[in-house]
Amino acid sequence: EGQNVITLQRTPSTNEFLKKELSKSTPLAEGTVIMAVDQYAGRGQKDAIWHSEPGKNLTFSLLLTPTFLNPKHQFHLTVAISLAVAQWLEALLKTPVKIKWPNDIYIGDKKIGGILIENILAGKTWKSAIVGIGINVNQTVFPDPISKQVTSIKQILHNDSNIPKLLAELCNHIGHAYQALKKESFDTLLATYRKRLYRFGETHPFLVDGVKVTGALAGVTEAGRLQIDFEGHVVDFDIKEIAFVI
Ligand code: BTN
């Protein structure tokens, strides 16, 4: 929570920047935040790109060392971070904010933020977790393939927000959630996460290995696999196996 924010004017990706810093000999303190004004080659999950207009949005990476977590329980960190981001945004915007499994941040059917957590392990022990977060803040025009699928804080509040102030508030919120993760039972946290899932309980088409199938989003397992109910037959999937059809 001790806020140690380093702001870079221009960098390809804050996750990449942190990763490179970690390979150097001088260790960085847990809680270090790298924020980019212009992140020009941002990355998302499944090799996606993360687009952000310079100076308009939150694009940052937070360094954590979650040694208290069993490395098998990486999903616990995903749950804690995505819940913290969603709860913070919901309080700010006063409108429902959902988590599209595993960790996209949605308002209605539009994406407002994304999270890319990269866990670095040495054998079976933690070195660090790079928590990359992108939130659309003051950008209102988006490039064509995504223009109708995304939204921003400005599109909801209709005015500009102060980016450094939002960054400080959000990091503070995440800091509390991270401390709570050390004490709380994961069952409680997972139950809260499930309730916030985008399309929870709803029946929709999904793409399974590229094939369209229809089922109801039934939940998420403790290990973070998505459970789909096909007329009473529940199957769970990994992120690489299933995609939403939006
Ligand atoms: C996703 O939507 O799949 C995740 C997007 C994550 C974007 C953030 S922006 C800061 C950090 N640096 C990156 O290159 N990506 C993350």
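Helix 4 buries Ile163, Leu167, Leu170, Cys171, Ile174, Ala177, Tyr178 and Leu181. Buried means 20 or more other C-beta atoms within 10 Å of the residue's own, exposed means 12 or fewer, and partly exposed lies in between, with C-beta atoms placed from the backbone. Seen down the axis, these buried residues fall within an arc of 125°, so they line one face of helix 4. The arc is taken over the directions from the helix axis to the C-beta atoms.

This is a predicted model: local features need pLDDT of at least 70, side-chain atom pairs count only at pLDDT 80 or more, and totals for chains, interfaces and linings use all residues. Residues are numbered from 1 along each chain as its sequence is written.

- Helix 4 covers residues 163–183. Helices (H or I, at least four residues) and strands (E, at least two) are DSSP runs, numbered from the N terminus.
- At 1.5 Å a residue, its 21 residues should span 30 Å, and the end C-alpha atoms are 31 Å apart, which agrees. The expected span is 1.5 Å times one less than the number of residues.
- Lys165, Gln179 and Lys183 are exposed on the other side of helix 4.
- The cover over the buried residues of helix 4 includes strand 1 (4–11), strand 2 (32–39), strand 5 (58–64) and helix 2 (74–93).

- The axes of helix 2 and helix 4 come within 9 Å and cross at roughly 140°. Axes are lines fitted to C-alpha atoms, for helices over the stretch in contact, and angles run from 0 to 180 degrees between N-to-C directions.
- The two helices are therefore oblique to each other. Angles under 35 degrees count as roughly parallel, over 145 as roughly antiparallel, 65 to 115 as roughly perpendicular and the rest as oblique.
- Helix 2 passes helix 4 in a right-handed crossing. A crossing is right-handed if the near helix is turned clockwise from the far one by less than a right angle, and left-handed if anticlockwise.
- Contact residues include His76, Ala80 and Trp88 of helix 2, with Glu169, His173 and Leu181 among those of helix 4. Contact means C-beta atoms, placed from the backbone, within 7 Å.
- The axes of helix 2 and helix 5 (residues 186–195) come within 10 Å and cross at roughly 50°. That makes helix 2 oblique to helix 5.
- This crossing of helix 2 and helix 5 is left-handed. His76, Val79, Ala80 and Leu83 of helix 2 meet Phe186, Leu189, Leu190, Thr192 and Tyr193 of helix 5.

**Ile112**

- Ile112 sits in strand 8 (residues 110–122). It counts as buried, with 25 C-beta neighbours inside 10 Å.
- Beyond four places in sequence, its contacts include Leu89, Ile105, Ile135 and Thr151.
- Ile112 and Ile153 are 41 residues apart along the chain, with C-alpha atoms separated by 7.6 Å.

**Backbone points**

- Most residues other than glycine have a negative phi, and most peptide bonds are trans.
- The Trp101 to Pro102 peptide bond is cis, with omega near -5°. Pro102 lies in the loop between strand 6 (98–100) and strand 7 (104–107).
- Lys46 has a positive phi near 50°. Lys46 is exposed, with 8 other C-beta atoms within 10 Å.
- Asp209 also has a positive phi, near 50°. Asp209 lies in the loop between strand 10 (203–208) and strand 11 (211–220).

Conventions:
Two residues are in contact if their C-beta atoms, placed from the backbone, lie within 7 Å.
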